[in-house]
Amino acid sequence: MKTLHAVRQDVQPLPIVVPRADLDLIESWVPMGARVLDLGCGDGSFLARLMKTRNATGYGVEIDDTNVQRSVANGINVIQQDLEKGLAMFEDHAFDVVILSQTLQAMHNTERILKEIARVGKEGIVSFPNFGHWYHVWSIAWGRMPVSKQMPYQWYNTPNIHLCTPKDFEVLVAQIGHKVLGKQLFLHGEPVEFLGNLRSTLAVYRFKPKFAV
C-alpha cells in the first residue's frame, strides 16, 4: 500500500467538473464539510470537485499508476491499494461518506466491500449498471450476452464479473444488515421512475448500517 499526498507534479490536472448525472446526485448526498473516501477514485477529479463544491476532505483509493499520479496532480490525497484487499488501513467510522461509483460490478467479493464501506463510513453511496435493463434481457433471450454503452465489453474480456439488478442489490443490502436511505435510477443521464427496473441503465443507492445512529 502506498499513500501519496497532494504535491506539485508534472502530470497535468484534469478538469474538476465531471459531467455525469449520477455524480450530480452523489454530490447532493454529500454533506457540507464531510470527510469522504472515494473508492476507485480514478483520476481524482470527482473528489476534487467535492472538495470545491462541498468543502469536503478525505482520501481516494486507486490502483492504477497513471490515475494515482493524476489524482495527486488534482490535489487529492490518494492511497494506492487493491480494493479486493479490503480497507483495514482505515478505522471504524473514519469517514462521513464512502463512495463506490460504477466499480461494484468489478469486485470479486461484493459482500465484503459493502460491509467494509459500512464499517469505515457513516454512510455509503454505490452506483452500478443495471443488468436488468430490457435490452440486456432481450439480448440474452436471443442467445447473446449484452453489449451496450453502459457495459461495452464482450463476455470474454469484460471486467464486470458480478452483474446485478437494483432488486438484487436491495436484497443483498438487507441480508448484510444495511438500510437503504436513498435510490435513483437513470436512463441516458435522466432519472427514471416508471418501470425503472426495466428501463434504467444505471442505479445509485445511499445506505448505512441498519442500527447505526
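Reader: In which strand does Thr57 lie?
Author: This is a predicted model, where local features need pLDDT of at least 70, side-chain atom pairs count only at pLDDT 80 or more, and totals for chains, interfaces and linings use all residues. Residues are numbered from 1 along each chain as its sequence is written, and side-chain values use heavy atoms, with hydrogens and water left out. Helices (H or I, at least four residues) and strands (E, at least two) are DSSP runs numbered from the N terminus. By that scheme, Thr57 is part of strand E3.

Reader: How many helices and strands does the protein have?
Author: You can find each helix and strand by its label in the structure above. Together, the secondary structure comes to 7 helices and 9 strands.

Reader: Is Thr57 buried, partly exposed or exposed?
Author: Buried means under 20% relative accessible area, exposed means over 50%, and partly exposed is in between (1.4 Å probe, protein chains only). Thr57 has a relative accessibility of 41%, so it counts as partly exposed.

Reader: Which residues does Thr57 touch, leaving out those up to four places away in sequence?
Author: Contact means heavy atoms within 4.5 Å. Arg35 is 22 residues away from Thr57 along the chain, yet their C-alpha atoms are separated by 4.9 Å. Beyond its sequence neighbours, Thr57 touches Ala34, Arg35 and Val36.

Reader: What distance separates the C-alpha atoms of Phe95 and Val36?
Author: Phe95 lies in strand E5, and it counts as buried because its relative accessibility is 1%. Its contacts outside four places in sequence include Arg35, Val36, Leu37, Gly58 and Tyr59. Phe95 and Val36 are 59 residues apart in sequence, but C-alpha to C-alpha they are separated by 5.6 Å.

Reader: What share of contacts between residues at least 6 apart in sequence joins residues at least 24 apart?
Author: The pair Phe95 and Val36, 59 residues apart in sequence, is in contact. Over the protein, among contacts between residues at least 6 apart, the share that joins residues at least 24 apart is 66%.

Reader: Which residues have the most contacts inside the largest nonpolar core?
Author: A nonpolar core is a set of buried Ala, Val, Leu, Ile, Met, Phe, Trp, Tyr and Cys residues joined through side-chain atoms within 4.5 Å. The largest one here has 28 residues. Those with the most contacts inside it are Leu37, Leu39, Leu114, Ile117, Val126 and Phe169.

Reader: Which element gives the largest share of this core?
Author: Several elements give two or more residues to the core, including strand E2 (35-39), strand E3 (57-62), strand E5 (95-101), helix H4 (110-120) and helix H6 (166-175). The largest share is 4 residues, and it comes from H4.

Reader: Which residues are in contact with Leu114, leaving aside neighbours within four places in sequence?
Author: Leu114 is among the residues with the most contacts inside the largest core. Leaving those neighbours aside, its partners are Leu104, Val126, Phe169, Leu172, Ile176, His178 and Phe207.

Reader: How many residues are in the second, separate core?
Author: Ile26, Ala34, Val36 and Val78 are included in this core. Ile26 is also one of the buried residues of H1. In total, the second core has 23 residues.

Reader: What covers the buried residues of H1?
Author: In H1, the buried residues are Asp22, Leu23, Leu25, Ile26, Glu27 and Trp29. Their cover includes H2, E5, E6, E7 and E9.

Reader: Which residues does His136 touch, not counting those up to four places away?
Author: His136 is found in helix H5, and it counts as buried because its relative accessibility is 2%. Pro146 is 10 residues away along the chain, with 5.1 Å between the two C-alpha atoms. Beyond the sequence neighbours, His136 touches Asn130, Phe131, Pro146, Ser148 and Met151.

Reader: What phi does Gln102 have?
Author: Most residues other than glycine have a negative phi. Gln102 lies in the loop between E5 and H4, and at 24% relative accessibility it counts as partly exposed. Although Gln102 is not a glycine, its phi is positive, at about 50°.

Reader: Where is His188, which also has a positive phi?
Author: His188 is not a glycine, but its phi is about 50°. Its relative accessibility is 68%, so it counts as exposed. You will find His188 in the loop between E7 and strand E8 (190-192).

Reader: What percentage of the residues in the protein is buried?
Author: Phe95 counts as buried, whereas His188 counts as exposed. Of the 213 residues in the protein, the buried ones make up 47%.
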